Amino acid sequence: MNFDDASLSSLHTYRVKTRQQQKGIQPSIQKSKRKYCHISPDRKNQLISLVLDKKLRIKDAAVICSLNYSTAKTILYTLRHRPPKQAGVQPISNSRKQNLTVKILIKGKLVNEYDFYKKSNQS
């Protein structure tokens, strides 16, 4: 066994070096290996409906949805504190007058000219 010299100071306690200490690897430098699981939107929606609509406790709803309690808390926290994602498309308002004039030219001479939106609404 490999004994640490500092641990021999007391008579009855011995400190054995671990493999990491023998190799000189510090535990704080090691990367933690944590696996993350993707939670389907259906399970998230089920959790949200149980907590918000049916007024269940988060812990009870997490058990029903077979989720970890801390995961359920995180889902509800993000729901309450982050705004929902929205597309950057704005609807066209009908209040503005839309103008698109179509000019038909043949050899540089104007043959016909009309407003596109008036003509399309007539057909």
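The legends below describe close-up views of a predicted model.

Residues are numbered from 1 along each chain as its sequence is written. Local features of this predicted model need pLDDT of at least 70 and side-chain atom pairs count only at pLDDT 80 or more, while totals for chains, interfaces and linings use all residues, and side-chain values use heavy atoms, with hydrogens and water left out.

**View 1. The chain has 5 helices and 2 strands.** Helices (H or I, at least four residues) and strands (E, at least two) are DSSP runs numbered from the N terminus, and from that end the order of the elements is α-α-α-α-β-β-α. Of the 123 residues of the chain, 11% count as buried, where buried means under 20% relative accessible area, exposed over 50% and partly exposed in between (1.4 Å probe, protein chains only).

**View 2. The largest nonpolar core has 11 residues.** A nonpolar core is a set of buried Ala, Val, Leu, Ile, Met, Phe, Trp, Tyr and Cys residues joined through side-chain atoms within 4.5 Å; here the members are Ile39, Leu47, Leu50, Val51, Ala61, Ala62, Cys65, Leu67, Ala72, Ile75 and Leu76. At least two residues of this core come from each of α2 (41-53), α3 (58-64) and α4 (69-81). Leaving aside residues up to four places away in sequence, Leu47 touches Ala61, Ala62, Cys65, Leu67, Ala72, Ile75 and Leu76, a contact being heavy atoms within 4.5 Å.

**View 3. Helices α2 and α4 pack at an angle of about 80 degrees, with their axes 10 Å apart.** This angle makes α2 roughly perpendicular to α4, a description that covers 65 to 115 degrees, whereas angles under 35 count as roughly parallel, those over 145 as roughly antiparallel and the rest as oblique. On the α2 side the contact is made by Lys44, Leu47, Ile48, Val51 and Leu52, and on the α4 side by Ala72, Ile75, Leu76, Leu79 and Arg80. These residues divide into 8 nonpolar, no polar and 2 charged.

**View 4. Lys55 and Ser66 lie in loops, the former between α2 and α3 and the latter between α3 and α4.** Phi of Lys55 is near 60 degrees, a positive value in a residue other than glycine, and Lys55 is exposed, with a relative accessible area of 67%. Ser66, also a residue other than glycine, has a positive phi near 55 degrees, and at 55% relative accessibility Ser66 counts as exposed. Most residues other than glycine have a negative phi.

Conventions:
Axes fitted to C-alpha atoms, helices over the stretch in contact; angles between N-to-C directions. Nonpolar A, V, L, I, M, F, W, Y, C, P; charged D, E, K, R; others polar.
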